[in-house]
Amino acid sequence: MPVPVLSDHEALAVAAELGERFAKGAAARDADRVLPVDELAELSASGLLAVSVPAAYGGAGLPASVLAEVFRLLAAGDPSIAQIPHSHFVYVNALCHQGTPEQQEFLFGEVLEGKRFGNAQSEIGSRHVRDFRTTLRPDGAGGWVLDGEKGYATGALLADWIPVLCHLGVDGPLHVAWVERHATGVSVVDDWNGMGQRTTASGTVRLEGVAVSADRITPYHLTFEGPQTYGAFAQLLHAALDAGIARAALADAAEFVTTKSRPYPDAITELGTARHADDPTVVQAFGELELTVRAAEALVAEAGRAVDRADADLDAESAGAASLAVAAARAATTGASLEAGTRLFEVSGTRSALDSLNLHRHWRNARTHTLHDPAAWKVRHLGRWALDGQLPPNHGQL
């Protein structure tokens, strides 16, 4: 059934509404590791997962800046739900870059029907995160056969299509094989056991003799042969997700302090403070946290605009500027989400540490998600630009 095509204002309103609704069950889903199957179905039906489909193919073609805010709003409700479709949007973007018109028409049409893309990209046990072994081999009849094993395959378990990053031929260039989730030879194992982002189902994909036709293969390597915002776009959504975690942690801290925390005795005797929320040290701490979170949110918004500017007028300079803006946002949101998740307990008091409240999920989610890419390398690239005007490397993680 076709999903609604949302304008930018509609997309933000829907994301805000869903984020608020998803927040109500986030703690329980995390505590019991209940996968958000119904919530994902609602997200798909809302039309949000189709907002980046180009207008030429019937979508809204909304820019990166709007999509970043959609992610932030969803993540403020439940960052696991927000992370699941991250690769969905990344591979919609991959189709925009390298898909043939026929591939775009078919796969964009699938998205407009409410179908979801997962991912099978990372490999466990390789030399580094950009080292891949999974390979498409000719089947002798004009098609291809795919074998391999992927880890951290967020979104794959509950997807309709799994884009698989692989070599085309032994040691050949990287391509994307578009594989149906329930195709013969595809198995998705729900073995993710991370301490945070527990309900993302970021487990293992095994591919054993999977048949792939030539019209379901798109080049990946060509994206990086010239200026691109592919990497900045993907990293922007990660930054927006961390900003959402930070905002949620701060909001939960405020709710706890204003409704449950008892004032410290010295604040009562020396200052006459009746509420913990009126303790000047607590007010100061919340002011500092609000400043940190607002700064991170502002950098995400600016990074989104930088990606939009580069998409409108793409060259090495604009692409590099977008990557630097996103690097700043990722470094800032890493710090903000971890700080908010930690200081939540400092300002709330002993009872906030009760496991039954599950307030520690904010720090666990932040610490787990921010490990995707080292913030130190983001800062290093910013430093090189500040010192020498050196643009960052042209790859998919910046």
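Predicted model: local features only at pLDDT ≥ 70, side-chain atom pairs only at ≥ 80, totals over all residues.
Residues are numbered from 1 along each chain as its sequence is written, and side-chain values use heavy atoms, with hydrogens and water left out.

**Exercise 1. Salt bridges**

Determine how many salt bridges the structure holds, and where Arg21 and Glu42 lie.

*Solution.* Begin with the criterion, by which a salt bridge is a side-chain nitrogen of Lys or Arg within 4 Å of a carboxyl oxygen of Asp or Glu. The structure holds 28 of them. In one of these, the side chains of Arg21 and Glu42 meet at 2.2 Å, N to O. Arg21 belongs to helix α1 (residues 8–32) and Glu42 to helix α2 (residues 37–46), so the pair ties together parts that are 21 residues apart in sequence; helices (H or I, at least four residues) and strands (E, at least two) are DSSP runs, numbered from the N terminus. For accessibility, buried means under 20% relative accessible area, exposed over 50%, and partly exposed in between (1.4 Å probe, protein chains only). Arg21, at 35% relative accessibility, is therefore partly exposed, and Glu42, at 30%, is partly exposed as well.

**Exercise 2. Two further pairs**

Work out which parts of the chain are linked by Glu123 and Lys150, and by Arg247 and Glu297.

*Solution.* Take Glu123 and Lys150, whose salt bridge has its closest N and O atoms 2.8 Å apart. Glu123 sits in the loop between α6 (101–112) and β1 (135–138), while Lys150 is in strand β2 (residues 144–150), 27 residues apart. Both Glu123 and Lys150 are buried.

Next, Arg247 and Glu297 form a salt bridge with a closest N and O separation of 2.9 Å. This pair links helix α7 (residues 230–259), which holds Arg247, with helix α9 (residues 280–312), which holds Glu297, across 50 residues. Glu297 has a relative accessible area of 17% and therefore counts as buried. Finally, Arg247 and Glu297 belong to a network of salt bridges that also links Glu69, Arg72, Glu290 and Arg294.

**Exercise 3. Helix α1**

*Solution.* First consider its length: α1 has 25 residues and reaches 35 Å from its first C-alpha to its last, close to the 36 Å expected at 1.5 Å a residue, where the expected span is 1.5 Å times one less than the number of residues. In α11, Arg361 touches Ala26, Ala27, Asp30 and Asp252, not counting residues up to four places away in sequence, contact meaning heavy atoms within 4.5 Å. Arg361 is buried, with a relative accessible area of 8%.

**Exercise 4. Val212**

Decide whether Val212 is buried or exposed, and list what Val212 touches.

*Solution.* Val212 is placed in strand β6 (residues 204–212), and its relative accessible area of 5% makes it buried. Leaving aside residues up to four places away in sequence, Val212 touches Leu136, Gly143, Trp144, Leu146, Ala177, Val179 and Ile217.
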